[in-house]
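Work through the exercises below with the sequence and the model side by side. Try each task before you read its solution.

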Amino acid sequence: MTASRIVKRVLAGGAVAAAGWALRDLPAELGSRPLKTGEARAARIRRSPQFRDGAFHNPMPGGNLPPAPNPNLVRELLTGRDRRRPAGRVPILTPSSTSAEPAGLRVVWFGHASTMVEIEGRTVLFDPVWSDRVSPSRLVGPRRLHPVPVALGELPSIDAIVISHDHYDHLDRATVRTLTRTTTAPFLVPLGIGAHLERWGVPVERIVELDWEEDVRVAGLRFTATAARHFSGRTLARNDTLWGSWVVTGESRRVFYAGDSGYFEGYAGIGARHGPFDLTLMPIGAYNAAWPDIHMDPEEAVNAHIDLGGALMLPVHWATFTLALHPWAEPADRLWREAKARDARIVVPRPGESVDVDASPAVDGWWETLI
C-alpha cells in the first residue's frame, strides 16, 4: 500500500471517529421530555396557566414559531455571508478582577446573551454559553465569531445561574456540566428545564423551576420569573418547557433580563409590578420580518426598556453567533440611533468589558471599525 493511500485511510478513519464521538453525545444534548420525568414535575407543569393541550403557549396574540423559509430567505442565506460577519477581530477585554462595591451594580457581557451581574455583593450568571457552536453537534451549527473573554474556571464565585429558555444559544450542556463541577450555585430555570439539567448531572437540590410570577430567594436576592414572548425546544418537539424573562431584586438594586422575546405590551406591567430597574439586559439581534413575534428588533428593545422603567440598557443577543440574515453590526447601529432619538441611556460594551452601572462609559461605536 502506498504512503498516500495509508494517509487517506488514516484521515478517513479519523473523520469517522470524530463523527462517531460527536454523535455519541447527541441524545444527551437533546435533553429530556419533562412530562416523562416524574409525576411531580408533570403535575406542576399541567397546573401552569401557560400550559394547555400538551404544550406551553404565549398568552399574547401571535404565533410561537418562525414560518418555513421562503425562496428569498434561502437566497439571502446563500449570499451576503460576509455582511453577517465582522470584517476584523472583535475586540475582547478581560473583566475586572476587583470586587464591586458592596452596594454597587456591575455587569460584564461575555458575548451573545451570556452576561454576569454583580449586584450588592452577589454574582449572577445569565444564560452562560461557552461552547464554540450553538448546536447539538460539535461539527455543524452556528459557530462563535469571537473568543470567550475568560475561561469558566476564571470567573469569580457564582451565587446563582439563571436560564431563560432551552434553546442551544441559551442553554449549553457542556457549560452546564462544567459549572456543575466548578460551582455550588443553584440553577434557576423556567418550568420543565430542570429535566434537561437532571439528565446532565445537576443535583436535584441545585435546581429551582419557576412559573411566571413565581419567585425564590437565593443568596439574599429575590429572583422572579416573568413573561416573555418566545418558544422552546431542543428537538422537533416544541414548547414542552417554559421560556421567560427574569427580575433580580436586591435591597435597593433591580435588574431585568429579557431572555429571548418578541415585543409585547406586558413589559409595562412587569415594570409596574417589579421595577423600575437600574439595569435592563435586552436582546437586539437575530430579528427578521418573517418572525416578528419571537425576537425584538433594536427599536422594539428600546421601547420595551422604556416600558420597564429602565435606567440603563445593555444590549445582548448580537455579535457572537450568526442567527439571522441582517448585517453583523446593524443591531448596534440601529440601537444607538434609536436610543439617541428617544433619550434612552445605553451602554454597548466590548465582550469582557466590566461596566459600572452608576458610571457607565459613553457609547463609542467600537463596532463601526468592523463593518
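**Exercise 1. Leaving aside its neighbours within four places in sequence, which residues is Asp25 in contact with?**

Solution. Some ground rules come before the steps. This is a predicted model, in which local features need pLDDT of at least 70, side-chain atom pairs count only at pLDDT 80 or more, and totals for chains, interfaces and linings use all residues. Residues are numbered from 1 along each chain as its sequence is written, and side-chain values use heavy atoms, with hydrogens and water left out.

Step 1. Find the place. Asp25 sits in the loop between helix H1 (3–24) and H2. Helices (H or I, at least four residues) and strands (E, at least two) are DSSP runs, numbered from the N terminus.

Step 2. Apply the contact rule: heavy atoms within 4.5 Å. With those neighbours set aside, Asp25 touches Arg138 and Arg173.

Step 3. Check the burial. Buried means under 20% relative accessible area, exposed over 50%, and partly exposed in between (1.4 Å probe, protein chains only). Asp25 has 17% relative accessibility, so Asp25 counts as buried.

Step 4. Follow one partner. Arg173 is one of the buried residues of helix H5 (residues 173–182).

**Exercise 2. Which residues of H7 are buried, and which are exposed?**

Solution. 

Step 1. List the buried set: Tyr267, Ile270, Gly271 and His274.

Step 2. Look down the axis. The arc is that of the directions from the helix axis to the C-beta atoms. These residues span an arc of only 100 degrees, so they are on the same side of H7.

Step 3. Turn to the other side of H7. Ala272 and Arg273 are exposed there.

Step 4. Name the cover. The buried residues of H7 lie under elements including strand S10 (221–226), strand S11 (245–249), S12, S13 and H8.

**Exercise 3. At what angle do the axes of H7 and H8 cross, and which residues meet?**

Solution. 

Step 1. Take the geometry. Axes are lines fitted to C-alpha atoms, for helices over the stretch in contact, and angles run from 0 to 180 degrees between N-to-C directions. The axes of H7 and H8 cross at roughly 30 degrees and come within 7 Å.

Step 2. Name the residues. From H7 come Tyr267, Ala268, Ile270 and Gly271; from H8 come Ala304, Asp307 and Leu308.

Step 3. Sort them. Ala, Val, Leu, Ile, Met, Phe, Trp, Tyr, Cys and Pro count as nonpolar, Asp, Glu, Lys and Arg as charged, and the others, Gly among them, as polar. The contact of H7 with H8 has five nonpolar residues, one polar and one charged.

**Exercise 4. How do H8 and H9 pack?**

Solution. 

Step 1. Helix H8 (residues 298–308) meets helix H9 (residues 330–342) at an angle of about 45 degrees, with the axes 8 Å apart.

Step 2. Classify the angle. Under 35 degrees is roughly parallel, over 145 roughly antiparallel, 65 to 115 roughly perpendicular, and the rest oblique. H8 and H9 are therefore oblique to each other.

Step 3. Find the contact. H8 supplies Pro298, Glu299, Val302, Asn303 and Ile306, and H9 supplies Pro331, Arg334, Leu335, Glu338, Ala339 and Arg342. Six of these residues are nonpolar, one is polar and four are charged.

Step 4. Look at burial in H8. Pro298, Ala301, Val302, Ala304, His305 and Leu308 are buried. They fall within an arc of 160 degrees, so they line one face of H8. They pack against strand S12 (254–257), helix H7 (266–274), strand S13 (277–283), strand S14 (310–316) and H9.

**Exercise 5. What is the peptide bond from Gly275 to Pro276, and what is the phi of Glu120 and of Ala286?**

Solution. 

Step 1. Most residues other than glycine have a negative phi, and most peptide bonds are trans.

Step 2. Check the bond. From Gly275 to Pro276 it is cis, with omega near -5 degrees. Pro276 belongs to the loop between H7 and S13.

Step 3. Check Glu120. Its phi is positive, about 50 degrees. Glu120 is in the loop between strand S4 (114–119) and S5.

Step 4. Check Ala286. Its phi is also positive, near 65 degrees. Ala286 lies in the loop between S13 and H8, and is buried with a relative accessible area of 6%.
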